[in-house]
There are 2 protein chains.
Amino acid sequence: MNATTQAAASNQKQDATISGGSSSGARAGSVGVALLGMGTVGAEVFRLLEENSNDFTHRIGGAVEIKGVAVSNMSKPRPGVPDELLTDDAHALINRDDVDVVVEVIGGIDYPRELVLAALKAGKSVVTANKALVAAHADELAAAADAADVDLYFEAAVAAAIPVVGMLRRSLAGDKIQRISGIVNGTTNFILDAMASTGASYDEALAEATRLGYAEADPTADVEGHDAASKAAIMASLGFHTRVKFEDVHCEGISAVTAKDIAAADQAGYVIKLLAICERLVAEDGSESVNARVHPTLVSKEHPLASVNESYNAIFVEAEAAGSLMFYGNGAGGNPTASAVLGDLVGAARNKVHGGRAPGENTYANLPLADFGEVTARYHIDMEVDDRAGMLAAVAQEFAKSGVSIRTVRQQDTGHTARLIVVTHSAQEKVLDATVHALSNVPGVKAVDSVIRLGA
Amino acid sequence: MNATTQAAASNQKQDATISGGSSSGARAGSVGVALLGMGTVGAEVFRLLEENSNDFTHRIGGAVEIKGVAVSNMSKPRPGVPDELLTDDAHALINRDDVDVVVEVIGGIDYPRELVLAALKAGKSVVTANKALVAAHADELAAAADAADVDLYFEAAVAAAIPVVGMLRRSLAGDKIQRISGIVNGTTNFILDAMASTGASYDEALAEATRLGYAEADPTADVEGHDAASKAAIMASLGFHTRVKFEDVHCEGISAVTAKDIAAADQAGYVIKLLAICERLVAEDGSESVNARVHPTLVSKEHPLASVNESYNAIFVEAEAAGSLMFYGNGAGGNPTASAVLGDLVGAARNKVHGGRAPGENTYANLPLADFGEVTARYHIDMEVDDRAGMLAAVAQEFAKSGVSIRTVRQQDTGHTARLIVVTHSAQEKVLDATVHALSNVPGVKAVDSVIRLGA
């Protein structure tokens with residue numbers, strides 16, 4: 001205790017000198033914060049800011065003061081939050097002269113968009129945890145931040161405290177990123193992991209996830225891949241310095257993954273993960289394009305992403321000079337999200353005190369989006385066929401016709417019918433699509449049960 | 001190509017506006033760089049800067065121009081580097097008016113220290129990859145950077161392109177770090193991994209590492225843990241906001257690790273890794289201290305650090321709000337180090353163009369260093385004893401006397417003698433030391449062959 005007090009005293013002079021140097025708006029080295037939202041994340045942000053205020057003062061070079069907390073329901077009890085800080089007029093709070101940084105942790109899109117834009121236009125830096133907002137409206141938000149010469153931070157929007165945004169924006173700013181693949185949705189990873197470890201069906205695993213609080217009452221955004229697609233859009237935009245929006249991301253969820261798929265994957269040495277994949281494609285003439293997609297993927301059990309279990313997240317980045325990097329941690333939850341929001345808040349507040357601006361949106365590369373049909377992958381195709389001689393030849397013939405090269409075939413007898421499990425070499429989506437369509441018309445092929453892409 | 005040109009044109013206006021805004025020394029948005037050193041890393045930095053100059057211009061908001069390259073041997077051929085850039089007068093290069101940022105990739109301590117200090121004093125921001133320099137002289141360097149209000153970046157000093165420094169300085173700036181444990185030396189990880197996978201002795205594995213270029217001709221700095229200790233000092237200083245120097249780090253290398261140790265670890269479900277561990281200790285009265293140490297450590301095969309093989313690095317961070325995070329990648333080599341240096345260069349150059357300063361040294365917490373004897377760990381103790389009844393009782397008695405609680409004991413007959421392998425519960429280093437000393441005086445105990453700490 002004594003040591004801390006002493007340190008605080010001895011640093012006071014230094015802080016004062018620094019903040020005197022190049023202040024840009026914050027009054028006398030103190031930074032006013034408006035907190036919009038008091039859900040799980042907002043409550044943690046509030047608590048940690050109050051509890052560790054001495055640390056924040058030192059790390060920023062000036063005190064952080066919460067000037068107000070905007071909530072929709074004024075009558076709900078907010079333990080630990082003084083009544084005089086609460087308001088239901090978010091706009092008035094944002095526009096207070098003593099507010100320098102606005103922290104948005106409300107969720108949703110339209111209302112937070114309105115508030116974040118208002119804040120940026122009023123010259124306030126913004127920290128948001130809102131992936132859906134950023135993935136849908138990054139252009140508009142970045143332009144507003146640029147126009148007002150303020151910061152827009154959103155580390156918490158991708159995988160909470162795993163510092164994906166900082167890594168893409170800053171650490172790898174001198175490198176060329178080739179590919180980002182990640183498990184960025186904890187709910188779906190929990191469900192797939194539960195299916196793999198217990199043999200449960202999708203519905204059973206989803207029910208368990210809901211019971212344990214890993215899935216929301218309406219799990220659509222998670223299980224259909226929309227949440228992961230927002231994150232893919234953000235990662236692709238930052239990683240490739242080009243604009244990729246939510247609607248540009250090809251998106252397939254996990255609701256069609258069956259226990260049979262998972263068992264087949266396991267037998268072949270794979271686990272099924274819902275991956276967000278962002279890829280730089282280079283055509284034969286050297287021209288580049290980018291693609292972002294979310295779909296269930298067979299990941300080799302040897303790959304680091306395969307051992308990411310339960311609701312954990314991990315992001316695997318391949319860059320020209322850095323090589324392969326992986327980042328792993330808790331990708332959701334009140335505390336990890338608050339950690340990311342507070343890291344951003346320190347950055348935004350430092351810039352208010354010392355001047356300067358964080359690296360913002362930079363879509364200079366302006367790369368075209370590759371059509372999903374042009375993307376190549378390897379495929380694991382599981383089909384039910386008549387149990388008679390010649391079926392393998394007929395199926396192989398169909399692959400040969402479309403120029404899709406087969407890597408392995410396994411045949412399994414299951415009584416009256418047989419299963420053929422084909423793993424292809426690399427092929428384009430559109431070619432594979434056509435092949436699968438043709439396969440289902442081959443006499444003796446009863447059904448193509450599943451087509452799952454390979455590779456992390 | 002066309003798209004890029006177009007993007008460049010459309011961004012020109014924006015860049016001009018930004019750099020007009022708050023320029024702080026860089027001339028007309030262009031940033032002059034002095035490159036000190038042209039070894040593996042320097043050559044890669046030079047090549048990538050030239051090759052991707054358009055990207056750097058956009059990411060910085062102004063062009064980067066290498067004004068000169070300081071080398072010690074002017075007659076050595078430097079493919080791709082124009083003669084007129086080469087100089088053997090580093091001081092003159094640093095002091096050129098058109099140099100804004102100095103990149104130091106020379107290695108060693110004394111000479112780079114002199115150059116980095118000269119650069120900072122001359123108002124140039126510095127990017128260095130030099131862990132030994134930073135770990136030994138951080139106070140002096142930070143004070144010089146503060147006095148001149150310029151940046152001192154050193155991401156490459158810890159684990160190359162794995163963004164440990166950025167993560168500790170920025171991403172977790174709003175959190176409270178409890179513990180950092182990492183595999184931060186590729187040479188020793190390669191040797192330990194080779195011993196584990198082939199059963200080789202330490203000397204055999206070291207010879208193989210040397211043959212493959214993973215170990216230097218004089219491997220002392222790596223195998224005795226000095227390199228890891230430098231990184232531990234840097235990580236502890238950043239993570240705990242306090243000063244930890246190289247000489248504060250308790251350091252044990254791997255040269256005493258035997259094939260028998262590795263086999264015993266394997267049998268018990270562990271692998272041996274050389275870990276750098278930085279820990280915040282909280283006493284019963286709530287007072288805090290920190291400790292940093294490097295030593296061979298038994299890591300459970302279930303822990304993510306256990307599967308970090310070959311020369312890879314990984315850092316495991318535990319923070320109050322973020323929980324556990326892991327970062328994994330190539331922790332050395334010309335390209336990954338160049339990636340980190342260039343990421344830092346973008347940051348330093350952006351600040352020269354747009355104003356502002358990166359978060360620097362901040363040792364406000366000023367925590368005392370815990371004596372190594374106060375640190376607690378669990379221990380794996382392998383001893384040779386007479387093969388007769390009562391030995392286990394005698395040994396257990398000795399542990400009981402010192403208050404060290406035993407978790408498991410295994411007895412192995414090896415002919416005339418027996419081995420006793422004891423795993424303890426948590427105990428203090430000084431207590432354990434005394435216990436080991438007492439054990440060796442117990443009649444029938446022939447030798448305490450190895451004492452290895454547990455836990456990642």
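In which loop of chain B does E310(B) lie? Select E310(B) to begin: the residue lies in the loop between β10 (288-300) and β11 (312-319) of chain B. Helices (H or I, at least four residues) and strands (E, at least two) are DSSP runs, numbered from the N terminus.

The model is predicted: local features need pLDDT of at least 70, side-chain atom pairs count only at pLDDT 80 or more, and totals for chains, interfaces and linings use all residues. Residues are numbered from 1 along each chain as its sequence is written, chains are lettered from A and ligands numbered from 1 in the order in which they are written, and side-chain values use heavy atoms, with hydrogens and water left out.

Remain at E310(B), where phi is positive, about 50°, although the residue is not a glycine. Most residues other than glycine have a negative phi. E310(B) counts as partly exposed because its relative accessibility is 44%; buried means under 20% relative accessible area, exposed over 50%, and partly exposed in between (1.4 Å probe, protein chains only).

Next, select D149(B), placed in the loop between α6 (131-148) and β6 (152-153) of chain B. D149(B) is not a glycine either, and its phi is positive, near 55°.

**A buried cysteine in chain B**

Now select C278(B), in strand β9 (residues 270-282) of chain B. This residue is buried because its relative accessible area is 0%. For a distance to display, take the C-alpha atoms of C278(B) and E140(B): they are separated by 22 Å, and the residues are 138 apart along the chain.

**Chain A as a whole**

Turn to chain A, which has 15 helices and 17 strands. Its C-alpha atoms fill a box of roughly 85 × 50 × 40 Å, taken along the principal axes. Of its 456 residues, 57% count as buried. Among the contacts in chain A with a separation of 6 or more, 74% are made by residues 24 or more positions apart.

Colour chain A by domain, with bounds from an automatic or database domain assignment: domain 1 (31-160 + 337-354), domain 2 (165-330) and domain 3 (373-454). Where domain 1 of chain A meets domain 2 of chain A, the contact takes 14 residues from domain 1 and 17 residues from domain 2. The C-alpha centres of these two domains lie 28 Å apart. The area buried between them is about 1,300 Å², and carbon and sulfur atoms give 59% of it; buried area is the accessible area (1.4 Å probe) that two parts lose on being put together, summed over both.

Select H380(A) in strand β13 (residues 376-386) of chain A. Is H380(A) buried or exposed? H380(A) is buried, because its relative accessible area is 2%. Not counting residues up to four places away in sequence, H380(A) touches several residues, including A264(A), A268(A), L298(A), R410(A) and L454(A). The C-alpha atoms of H380(A) and Y364(A) are separated by 37 Å, with the two residues 16 apart along the chain.

Finally, select E398(A), found in helix α14 (residues 391-402) of chain A. E398(A) is buried, with a relative accessible area of 13%. Beyond its neighbours within four places in sequence, E398(A) is in contact with T435(A), A438(A), L439(A) and V442(A).

Conventions
Contact = heavy atoms within 4.5 Å.
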